[in-house]
Structures are given as C-alpha cells and as structure tokens.
Amino acid sequence: MGGIVNTATGRCRQCYSCVRNCPVKAIRINKGQAEVIAERCISCGMCLAFCSQGAKQVAGSQAAVLAALKEHQEMVACLAPSFPAAFPGWTAGQVAGALKKLGFARVWEVAVGALLVAREYQRVLKQRNTPAISTACYAVVNLVERHFPSLIPYLLPVVSPSIALGRLLKKHLGPVKVAFIGPCIAKKEEILDPEVAGAVDYVLTFAEIKELLAVEHLEHPGVAAALDSPPVAISRLFPLPGGLSRSMGVIPDIADQDLLLVEGKEGVLAALEGLARGEIRPRLIDALFCEGCVMGPGMGVVVNQVKRKELVAAYYHRCQEAREPEILAPDLARSFHNKQSSLPLPGEEDIKRILRLTNKFTPADELNCGACGYHSCREKAIAVYQGLAEIDMCLPYLLEQKSDLLSRAASNLMHFVNLYKSPGDRPGPGVMELLQERNIIVASPRMLRVLYLAERVARVDSTVLILGESGVGKEVVARLIHALSERGKGPFVKINCGAIPENLLESELFGYERGAFTGANREGKMGQLELGEGGTVFLDEIAELPLKLQVKLLQVLQEQRLVRVGGIREIKLNIRIISATNKNLLQMVREGTFREDLYYRLNVIPLTIPPLRERPEDIEALIDHFMDRLNRRYKQEKRISRRARRYLLAYPWPGNVRELHNVIEQLFVLVEGTEILPEHLPYYIRDDPARYSSHMLVKDIIPMKEAIEEVEKQLLLKALEKYRSTYQVAEKLGVNQSTVVRKIKKYGLEHQ
C-alpha cells in the first residue's frame, strides 16, 4: 500500500542514502528502486532530506485545496508556530493577507492549539505517576506505535496542537474546512488516523503553500491582513526545543531528571530505547523528531537552523505582552494502538547462505564498504532475508524460498526457448502467458511489437542494446529475453553502472586478485561479470560507465575473456551482454564521452521501448489493471470518473509506468469516496500549464504527425470538459460530429 512518502518513478539511482539514513528500516530495494514501506514508515522525512536525486515525493493536497477554494468553500488556514521561519522578510499580517487573497476565509495561528495542549498536559501530568512521552510530534507517535509498542502506555493521551485547533474551530465555527500549513510531513498521515479524523481536512507544507501562492503571483510580501485568532504569546515558542515545557510554565533545566528534552533522530531513538530498557524514567520526555520543528522537511526555505530559531524567537518577543486568552477547550483526548509490522529474523545458516551467494567468506561484521547503504555485509544479508534488500544473483536462494512467480517462470523456460516465429508482429502465446504470470500489462501495438522482437532476439546470442526513458520497462524486457533464451537456467546479473561509485566499479565488474589493494578480501573476489557465467549480464545505465572501463568492457565483448584487478591470468567467460540506457549514445560518441568502437559492439541489435505517453492503449489498460488489483486486494469498489480519466490519459507520464502505478495507488488510498474525481488528482496532473495555455507550447522537435495528434487530443480534452455532447464539441471545433466520435475513440477519451 502506498503511504505519504513514495519514490518517484525512474529517479532512484541506487545511492542508498535513504537506506543508510532511515531510522526504522522502512526502505525496501525492489528492482534497483528504493521503495518506502508504508507500514513501517513514520513519515519523518529523513529520506527526503538525504536523497540527492530528488527521488522521494510526498503525497500532496494542493489540487484538492485549490479546488475547494475555487468552489468558494469556507476554509480556515492554520499556520504552524514555525511560520515566521518559513517566510523570512514577511510580517505575520502579510502572510495572512496573501493567504486570504488565495481564498482562505480566516487565518489562525496553531499556537492557540499549542496553548490548549500545554494546559491539558499540565492537568494530565498531575494525575500520572508513570513516565510520559509528549504527543505533539506525530513522527514520534508513529515511532512508538510502529516500533516501540511496549511504550504506548507512556504516550500522553492528548491530541497535537493542530488537531486541538481543528476541533476548536469546528466546534465554534460550524462546518468549515480546516487546512494546516506547516513544516511537517507526518501531519499528512496524522489527519488520516481514525482517532483524530475530521478535525483537520488538509495538510500543506510551507513549500506547497508557497507553490500555490506563486501560481497566483502572491509569492512576494503584499498588503497585510489581520490574523483572526486571539493573540497568544509563550506558545509561539512551541516549535523550538523546550517550547512545550515553556508553554507549560516550566523553565527547562539541563540538570532536571524529571524533564528530558530530546530533539533529532538519534536523541529520540536513544530516549525511547532507554525508556524501553528501564534505564531512564523521566516524568516527561519532550521529544521532537526533527531538530526543532523549524527544521521540518517541508519548510521550503534555505536559511540555516540558527536563523530559523532566531526568526521564531523574534516573533515571540514582538508579541510577548499578549495576554493568554481564556478559551473553552474542545475534547482533547485521544488513544493509541499497536501498529507494529515485525520483520523475520534469519538464523546463522541463512545469513551464511546469502553471504556465500555474493562470494563473501570473511566474518561479515568486518566488511563495511558502505556502497549498499548498510553498515556491514551481515546487516545487508539480514535485510535480504527480510525482503528489504535484493541481490540480483540470488536466484537460487529465491527459488529455494519458494517464490511462486520465479518457480513458474523457471519451470516453463524450456517451453519458451522453443517458441517459433509468431504470425504478424505479436509475440507467441507462451510469451503472453509469461507476461500474465509476471503481471506485465501490454495492450498497445507498439509495445507488442517490442515484445515480438524480444522473442526473436532471445533465440540468438547477439548483444542487445535496449533504449528508452526511465521507467518504461527496460529491465523487464532484458529479463524476458534472458528467460526465453537458452541461457534462461543460468544467472541473470544486473549491474547498474551509475549506482556503483567509480572507485569501486572496476573491482565490482572485473573482480580482483588476492592483495590487489589495501582492504581487499584476502582470498580475492570474483567480479559480477564472472558471476554471470553461463547466463546473462544486464548492464543498466551503460552511458555512465567511465571511459577507462569502456576499454576493458570492449575487450570482454570481443574476446569473452577478462583479467581481474591486480591479476595477470586471463579468465574465459561465457556470458551474454544486454545493456540499456536512457541517453543518446550516438550523441555521446560525437562528443567524445563514449567510445565509438564500444558503441558498435553494444548496438548489434537495438530495441527501443516507446514511452508510456506514446502508448495510450497501455495507459488505459494499466489504469484498469491497477484499480482492479487494488479493489480486489482491499475489497473495495472504487472507480475513476470519466472526467478524471481524461486527465490521466492526457498527462504525458514522464515517469512512465511506475509513476502511473504510484499515482493510482495514491488516489485509491487517499480518496475516501468510491469515485475518484478530477479534484482528487495531483496538482501537476490537473493543472499542467501547457495543457491550459492559450497558445501552443513547442518544447521539442517531434514528427509532425505526433504534434498534430497531441494538439487534437488537447483540444478534445478541453472541449469535452466544457460541453456535454459530441454535437456541441463538433460545432465549436468546426468539424463533423462523426469526426469527433472517431477521434475520441482513437485517443481513448470516451471511457466511462
């Protein structure tokens, strides 16, 4: 199931930074992509901060908020107390003025909710004799419920400030919509919690609200407007470390053993572990998973931590004379539940078996190159056993673990390698059967043609170069060729040339001899090319291979031999090379960044996989497939409305199939009703500027026929949104009604 944080299709480059920095093992490597495990994720946003590729994306509410504002729904914007740090150079009134121009009816400070929570903490703590953990930070709540369930009784049964304010507003203002605006990603998950559902309707990060303001040209300070909330003072320090204690009237004392102030990942984890082991028993643990809320992952500001704290403190000092209001508080109680998702623990024999498959024989705890994101090879082996990590050469181990999918594919390999030429440009029935087993959906003639060629290529041993954008399925086609070939019973070794650090790539590819360099395995090591003996080696991202290694790879292709690093003996190979890239290798040859002789050795049989935007039949089939699978899995009957489906069909899907899958799953999970409407779609799909431009925008040179078809599709989409009948559409476009009907069917826009 998709969660609040997901991996953007095709952007992950296997740097493993998210694996290395995730505090709760909530990252799974699947086919080279770092996927977030929603059941384990605490929505802290650490992976966002450390992902250098921008591959992590957060479920957004911008489209839904904008749609509600345009429909003139009465909505209250609730500004987290850290807002002065998010808008440096703005006054509070200018922030309120911009939000009201955007369409918000009222603007309140969440500091009011913080005040209510602080008062409730004082009341509850007087009645407790056991340690207490503050619950204002939902990442901490998630951490306890999912990873420290024994500590659930210590969580204070009090809502967070944002939920407190949401309940207050709905109690006194009636049926208004409440939008929390702050630095926190975990808040997006909090409002889905049944315990507090309904108090806050939308959560926007500061970064997201700034994007909305920019769309409406409100990104600069303008005319000020009054805040609608009563003035507060001390609770405006809530986002700073110790701010909760100050709001309760307690001056933090570092020598006070009853009050433990912790901030940041390491501090929070150490405190919870100490409490779980009985090593500490403070009266209150005031915990913030970030280093203060001013460092939340959704701040959307480049000023440093010191400046952010200074801005919040300065705002407090300007308002510290304000009298704390007397407010009749709503119900602030809540409860917590065990949401733990445990991982299996391997035995020593399981660990040793996995290590043997990667040719590691020294004590695993002594190995630590760090390239995979784990601190030791032993830790990586445990992750493989738990399904969090993958080793491409582990096919025998996976088969032993009774993977039904791989077992069925292996048992049918001999049938597939004997396939003869299929009539027309469609692959044979055996190939279609294998695709069905692997849940690979193909409906477009262009993609069927690619699979037909893949079937033909599998019968020979020629080198194949697979071309196409990220996320189109290059690895899927490579594995299919391998499975259909006579090498199908041998290993399939995937090597991502762009993911392995350059200083390690040579030894990973070609292996090394004993004593080749400092820190080398004392017994030497086989390279991944050798591990492909008798099978297929898939060189993904081949364009990223350094020039000096291109020469050595050329020798392997020409002679089927290699020499390990630090060695002199030639090792004979029997491997098939399939390479893939999303770059123009011929252009790189002209620029001198890729060897011409290697290019022609790799490009013996080229296969080009078209992007998803050029396969409208596949978009339609994939939408239906993903929705059907999710409905069956969760016993639902959700559907996508006709209007929403038109947007999905018109969107260019730069991330291809994986992006489409992520969007459909996100919509399925986050939309509460049974029908997914256009306003539920992500902001960038519904409000693509190019689609609504009054002038055609030419971004690249494409064949004239494709350009005309794209213009036709956009015109039809816009007309169908505005007019109810095809006769009206035909009249406005100046064509026959039969032409409109034919074009609608051609572009797949008629589906209900």
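1. A contact here means heavy atoms within 4.5 Å. With that in hand, residues 24 or more positions apart make up 75% of the chain's contacts that have a separation of 6 or more.

2. A quick word on what you're looking at: this is a predicted model, where local features need pLDDT of at least 70, side-chain atom pairs count only at pLDDT 80 or more, and totals for chains, interfaces and linings use all residues. Residues are numbered from 1 along each chain as its sequence is written, and side-chain values use heavy atoms, leaving out hydrogens and water.

3. The chain has 34 helices and 20 strands (DSSP runs numbered from the N terminus: H or I of at least four residues for helices, E of at least two for strands). Of its 752 residues, 53% are buried, that is, under 20% relative accessible area with a 1.4 Å probe, protein chains only.

4. Now look at helix α27 (residues 616-634) and helix α28 (residues 642-650): their axes come within 10 Å and cross at roughly 135 degrees (axes are lines fitted to C-alpha atoms over the stretch in contact, with angles from 0 to 180 degrees between N-to-C directions). That makes α27 oblique to α28, as angles under 35 degrees count as roughly parallel, over 145 as roughly antiparallel, 65 to 115 as roughly perpendicular and the rest as oblique.

5. Who meets whom there? From α27 come Pro616, Ile619, Glu620, Ile623 and Asp624, and they meet Arg645, Leu648 and Leu649 in α28.

6. Finally, find serine 444 in the loop between α19 (429-437) and α20 (445-457). Serine 444 is buried, at 1% relative accessible area. Leaving aside residues up to four places away in sequence, serine 444 touches Arg615, Glu617 and Asp618.

Technical notes
Buried < 20%, exposed > 50% of the residue type's maximum accessible area, 1.4 Å probe, protein only.
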